[in-house]
Amino acid sequence: MGETFGEQFSRIAGLMFVWSTIQQLVPYRVQIYLEKLWAKLFTFFYPYVHITFHEYTKGMRNEAYSCIGTYLGAKSSNKAKHLTGDKSGNSKSLTISLAKREETIDEFNGVQFQWKAFTEEIQDSSSSRRGGLSIPHEKNSYILVFHEKYREMVAERYLDYVIEEGKAIELSNRKRKLYTNKNGNDWYWNGGKWKHIIFQHPATFDTLAMDPKKKQEIINDLDAFKKGKEYYAKIGKAWKRGYLLYGPPGTGKSTMIAAIANYMEYDIYDMELTSVKTNSELKQLLIDTRSKSVIVIEDIDCSLDLTKKRKKKEDDGAKTEEKKKDDEEEEEKDSNSKSKVTLSGLLNFIDGIWSACGQERIIIFTTNHVDKLDPALIRRGRMDMHIEMSYCKFEAFKILAKNYLDIDSHPLFGEIRQLLEENDVSPCDVAENLMPKTDSGDAQHCLMKLVEAIKTAKLEKEKSGDKKESKPRKMKFNLLSKFNFFKQSAKGKS
Ligand SMILES: Nc1ncnc2c1ncn2[C@@H]1O[C@H](COP(=O)(O)OP(=O)(O)OP(=O)(O)O)[C@@H](O)[C@H]1O
């Protein structure tokens, strides 16, 4: 495979010329015989196979083309002479690709494969026919050339390898996105059902304050899921996993979502159910999501009145006809202003439709009130893991103290341990007190502040006589505002 494309083409052209001359000189019967001989001769003189990967097929962008481009760019950056560099908004670093008409050799299992970036200029004949200017546009493709004895290797291993490698490089190089189906201003919208911004959030499992054992269980589950492609295919199930995150406000449910997305290197789709009008719109939204993503429905109990129908059946038995009618009218008014997504629509969303629209997705529901949810929605198999995000106990506190104050121990730790055992304090409230307000704010000062805050909250609770109810958070932010805040502050710092 030392020849260039140019040399190969001139050899083919020579052979073609000989063949067309023969065709004109000999009778038809002899031509048929010669055709067979020609096929053998052609293979003998030119034993190479060409495979073309176009950028677009049937109007759709060909995923293989972009994976091949990424792979070749990475592999040939120190070999090919003409390369192009691109730093598009979606990529973390400079992307190198083969320049137009550039060739390169790739080696796989000791065999050499020749690649060429091919560009064909096409005149738009329809516009010139109508008297307008004919606008040239380009049709790009990559051509792979190999000796025909490697046909099997190419079909069974080499192409899979190139595409998988390309995907992996694309994944590590791309900026991840946070999508929403909600109306908003500063979102990038590409005509589909979702808009997006770049997802940047610093949360990791290291910074997440929770019981270390529980945390490890989640990490193990995610690891198993990541490696589960063959397993899910073997058992005939869609490659997806469902997590239900429940717990009081400020215990880190959204932070956990960010940590999961960062750990898995997935995009996030924040599904605002109240903006989805019908079940078919819900289905379309799901079909529009890409693999390697976390699909989140926050505060599922508030998004839809999923429990209404079930409860209504139970209550209806005890009502008078007049009361029933009044309630129905009230409900109708209510439902006109609300989403029409039903529980069964949502259940289809979780299992049925999944299999039809690709793989490798995690779906997360969050709620402050797990007891309000319909059991059908959260049964195991739909929500595979139920994760309780609870109040801050000492182990979780130590993680926050390390994150915020960079300390592993302090004389006040004993008292704090005791206070956290006796009182329900959310990690959010602990974090707020541990955050030094000025650069000179020292650990001692922050820990004292925390002790005081817990004691004051305890006294207030005792005064009001309500020992169980936790104080609701002053303001409720959705996932997008929370994550966008991190993005803005990261921008501010850079
Ligand atoms: N477990 C935790 N580990 C680390 N930080 C936490 C944790 N819980 C809360 N925080 C801090 O508190 C803030 C609020 O937490 P977060 O929004 O994740 O809670 P939430 O459970 O999603 O709350 P809500 O139910 O009100 O939406 C976070 O930005 C983070 O700084």
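**Helix packing and the ligand shell**

Asp429, Val430, Asn433 and Leu434 of helix 17 meet Cys446, Lys449, Leu450 and Ala453 of helix 18, where two residues are in contact if their C-beta atoms, placed from the backbone, lie within 7 Å. The model is a predicted one, in which local features need pLDDT of at least 70 and side-chain atom pairs count only at pLDDT 80 or more, while totals for chains, interfaces and linings use all residues. Residues are numbered from 1 along each chain as its sequence is written. Helices (H or I, at least four residues) are DSSP runs numbered from the N terminus.

By class, the contact of helix 17 with helix 18 comprises five nonpolar, one polar and two charged residues. Here Ala, Val, Leu, Ile, Met, Phe, Trp, Tyr, Cys and Pro count as nonpolar, Asp, Glu, Lys and Arg as charged, and the others, Gly among them, as polar. The axes of helix 17 and helix 18 (residues 443–464) come within 8 Å and cross at roughly 140°; axes are lines fitted to C-alpha atoms, for helices over the stretch in contact, with angles from 0 to 180 degrees between N-to-C directions. Helix 17 is therefore oblique to helix 18 (under 35 degrees counts as roughly parallel, over 145 as roughly antiparallel, 65 to 115 as roughly perpendicular and the rest as oblique).

Helix 17 also packs against helix 15 (residues 394–405), their axes coming within 10 Å and crossing at roughly 30°. Helix 15 is thus roughly parallel to helix 17. Ala396, Phe397, Leu400, Ala401, Tyr404 and Leu405 of helix 15 meet Pro427, Val430, Ala431 and Leu434 of helix 17. This contact has 10 nonpolar residues, with no polar and no charged ones.

Elsewhere, helix 3 (residues 63–76) and helix 5 (residues 151–173) pack at an angle of about 80°, with axes 8 Å apart, so helix 3 is roughly perpendicular to helix 5. The residues of this contact divide into eight nonpolar, two polar and three charged. Among those from helix 3 are Ala64, Cys67 and Tyr71, and the helix 5 side includes Val162, Lys167 and Glu170.

Turning to the ligand, Pro249, Gly252, Ser254, Pro427 and Cys428 come nearest of the 18 residues around it (a residue is near a molecule if its C-beta atom, placed from the backbone, lies within 6 Å of it). Helix 8 (253–264) and helix 17 (427–434) are the elements that give two or more residues to this shell. Its residues comprise eight nonpolar, six polar and four charged. Domain 2 (178–304 + 339–388) and domain 3 (394–469) each supply at least three residues to the shell, the domain bounds coming from an automatic or database domain assignment.
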